[in-house]
Amino acid sequence: MDMEHFQSMGGDQTFAMAEAMGFDHMSGMGGEHIADMMGAMDMEHFQSMGGDQTFAMAETMGFDQLSGMGGEHIADMMGAMEHGHLEAMGGEHIADMAGAMSMDNFQSLGGDQTFAMIETIGLDTVLEMGADKMTDFAAGLDMASFQTMGADQTSMIIESVGMDALIDMGGDKVADVAAALDHEHLGSLGGGTVVNMVSAMDM
C-alpha cells in the first residue's frame, strides 16, 4: 500500500491499523512505508500517539523526508511533539520544515509549538528567512509567546513584519503583540502607530 491508498482509507482507519500493528513494529517498516501512513493522519492522531512515538516515526522516516511532505503534514506531526523533540531534531531541520509551512499551518500549530520552533531555530535565523516567513510565524504566536519573548524580541518581529501586516491579522493579534511591549517600546512606535493599534483592537 502507498500513501494514496492510506489517504483514500482515511486517517482514522490508518491510525487504527498503526495501533493494531504496534508502533514498535511500525518503526521497523522503513521510512518510506512510515511516510505513506503518516501522510494519511492528522494532528489529532499524532497527539493520540504521543510526542515520543511521533518523534520516533519522524526520526525513522528521516527529517529530510518529513520536510518534503508539505506544511500541513509537518504541522500535524509537530503539534504532537514537545520542545525537547524539536531540539533533538536541530535548528537546521526545523528551519527547513518551517520553510515548507504556510501562515495557516502555523495558526493550526498554535502559539506554544510555533514559539518552540522559533526558540529551536533562533529568532535571528528566523528573521534572516525574510519578512514573509516571519509574518507566517507571527500569525501562529499568541500573547503568552510574545510576553515570553519580551519587548526587545517582539519589537524585532514588528520591525520585520510591519505593524500594518499585524493590524491586518486583526485586533486579537495586535493585542497579543501590545501585551509584550513596555512603555519605551510603545513610545518608539510613534503616536500614530499606537492610535492605529488601539483602533484595530476596538474593531
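Is the crossing of helix 18 and helix 20 left-handed or right-handed?

1. The crossing of these two helices is left-handed. Bear in mind that this is a predicted model.

2. Now the geometry. Two packed helices are described by the angle between their axes and the distance between the axes. Here helix 18 covers residues 171-178 and helix 20 covers residues 191-202. Their axes come within 7 Å and cross at roughly 130°. Helix 18 is therefore oblique to helix 20, because an angle counts as roughly antiparallel over 145 degrees and as roughly perpendicular from 65 to 115.

3. Next, the residues that touch. Helix 18 contributes Gly171, Val174, Ala175 and Ala178. Helix 20 contributes Met197, Ala200 and Met201. By class, this contact of helix 18 with helix 20 has six nonpolar residues, one polar residue and no charged residues.

4. On to the core. In soluble globular proteins, nonpolar side chains tend to be buried together. The largest nonpolar core in this model has 61 residues. Met38, Met89 and Met117 have the most contacts inside it. Helix 12 (residues 111-121) supplies the largest share of this core, with five residues.

5. Met117 is then in contact with Met78, Leu86, Ile94, Ala98, Met101, Phe106, Leu109 and Phe137.

6. Finally, is Ala20 buried or exposed? Ala20 lies in helix 2 (residues 11-21). Ala20 counts as exposed because its relative accessibility is 67%, and the cut-off for exposed is over 50%. Ala20 and His45 are 25 residues apart along the chain, and their C-alpha atoms are separated by 14 Å.

How values were computed. Residues are numbered from 1 along each chain as its sequence is written. This is a predicted model: local features need pLDDT of at least 70, side-chain atom pairs count only at pLDDT 80 or more; totals for chains, interfaces and linings use all residues. Side-chain values use heavy atoms; hydrogens and water are left out. Axes are lines fitted to C-alpha atoms, for helices over the stretch in contact, and angles run from 0 to 180 degrees between N-to-C directions. Helices (H or I, at least four residues) and strands (E, at least two) are DSSP runs, numbered from the N terminus. Angles under 35 degrees count as roughly parallel, over 145 as roughly antiparallel, 65 to 115 as roughly perpendicular and the rest as oblique. A crossing is left-handed if the near helix is turned anticlockwise from the far one by less than a right angle, and right-handed if clockwise. Contact means heavy atoms within 4.5 Å. Ala, Val, Leu, Ile, Met, Phe, Trp, Tyr, Cys and Pro count as nonpolar, Asp, Glu, Lys and Arg as charged, and the others, Gly among them, as polar. A nonpolar core is a set of buried Ala, Val, Leu, Ile, Met, Phe, Trp, Tyr and Cys residues joined through side-chain atoms within 4.5 Å. Buried means under 20% relative accessible area, exposed over 50%, partly exposed in between (1.4 Å probe, protein chains only). Lists of a residue's contacts leave out its neighbours within four places in sequence.
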